[in-house]
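Hello,

Here is the structure I promised to hand over to you. Please open it and keep it on screen while you read the rest of this note.

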Amino acid sequence: MTTAVAPAPAPAATRLWTPSRVLVTRSAAERPHGRRVIDRLETAGVSDIELLTGDRLPNLRGDGDRAAFMAAKQTLAVVVPPASKRKLQPIPPSADWRFDLAEGCPAHCQYCYLAGSLTGPPITRVWADLDEALADLEPYVGHGAITSGTAERGMEGTTFEASCYTDPLALEHLTGGMATAITYFGTHDWPGPVQLRATTKFDDVAGLLDLPHNGRTRLRFSVNAASVDRRFEGATAKVPARIAALSAVAAAGYPVGLTIAPIMPVEGWREEYGQLLDDVAAVLPAGTDLTVECITHRFTPNSKATLTEWYPRTKLEMDEELRTTKRGKFGAVKHVYPKDTMTELRGWFTGAIAERLPEARLLYWT
């Protein structure tokens, strides 16, 4: 599969993040990608860029109040991650391997998945060793267990998930990291079939349309019911803008995807999610390679505590009495919807996707 010759232009991005403070460690500034990021930050008009004399970030924890939280969310750090971060880990059910470009996100989703996963103040860290990290991926090809070699998803090849702990498109205008990774995946002589995967709540895709992706990157757009988007997904591109961006990258020959998440049985949910699927169907180019991933809302004790601290006025339902408690093999607690609710949701989504998006492949439900 090759890039379309003349993809349709992407709509103008509806939201671009500009950090109020940037910290760059010494080792990051020495890396080629780190220097590229600094150049892009300066071009974007970021005035507060501090080049540190060492590799330790200053204390950013603050005193735990709302002002400290907001300051952290407006801070970008460009760093070289510890070597342990470059030993890739499986990331079921999405992909064979987790391949991070960054950690943290500037958006304000009140159900934020990162709240229970990342520790410390919620700054966004961009990894400056991207060139070296890309060069280290070859030994992982053909050795995954989620897609590579499986009957259900083997046609995807060895998959690398770039959006486990960040939203790379939210940062793309500042880093160029996705473009670099897409070009590498599309042009490198791999020892087997591969796919780079990323999901986003943003719409700044104009710089990606003409890249030599060679069909080896699947761009997925996280979408939701209109009321969920309106109430809980702050500082993101709104869902109609994400759908327009999906249409543009599909027209450019990319495999694309919908990540419908987190699914919530809000009032009128059938009508709202039905309209969402209809809106997607209306703009997909003929022959689009489309996947769908469905993820219901869930929370942990730790994520609830963090989210209610970050967003004390949230109306997000996180009532343990209304949920079923699940425990992982190491005792981790997770609160999910009761079995009857999950069965109803899954039955409806499975049927609605098959009816409204008949060419789509539903990868998983969780």
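Predicted model: local features only at pLDDT ≥ 70, side-chain atom pairs only at ≥ 80, totals over all residues.

Residues are numbered from 1 along each chain as its sequence is written, and side-chain values use heavy atoms, with hydrogens and water left out.

Two sheets

Strands and helices here are DSSP runs numbered from the N terminus (strands E, at least two residues; helices H or I, at least four). Two strands count as paired if DSSP finds at least two bridges between them.

V24 has V78 of strand 3 opposite it.

The other open sheet I want to point out has seven strands, ordered 4-8-9-10-12-13-16, and its pairing is parallel. Here strand 4 and strand 16 (361-365) stand at the edges with a single partner strand each, so one side of each has no neighbour in the sheet. Strand 4 pairs with strand 8 (residues 158-161) over two bridges, and R98 stands opposite E161 in strand 8.

Helix 11 (residues 339-356) lies across strand 12, strand 13 (290-296) and strand 16, and runs at about 170° to strand 16. For such angles, axes are lines fitted to C-alpha atoms, for helices over the stretch in contact, and the angle runs from 0 to 180 degrees between N-to-C directions; contact means heavy atoms within 4.5 Å.

Backbone details

Most residues other than glycine have a negative phi, and most peptide bonds are trans. With that in mind, have a look at these places.

- The bond from P92 to P93 is cis, with omega near 0°; P93 sits in the loop between strand 3 and strand 4 (97-98).
- A261 and P262 are also joined by a cis peptide bond, with omega about -15°, and P262 belongs to strand 12 (residues 256-263).
- N214 has a positive phi near 55° and lies in the loop between strand 9 (194-200) and strand 10 (217-223).

Happy browsing!
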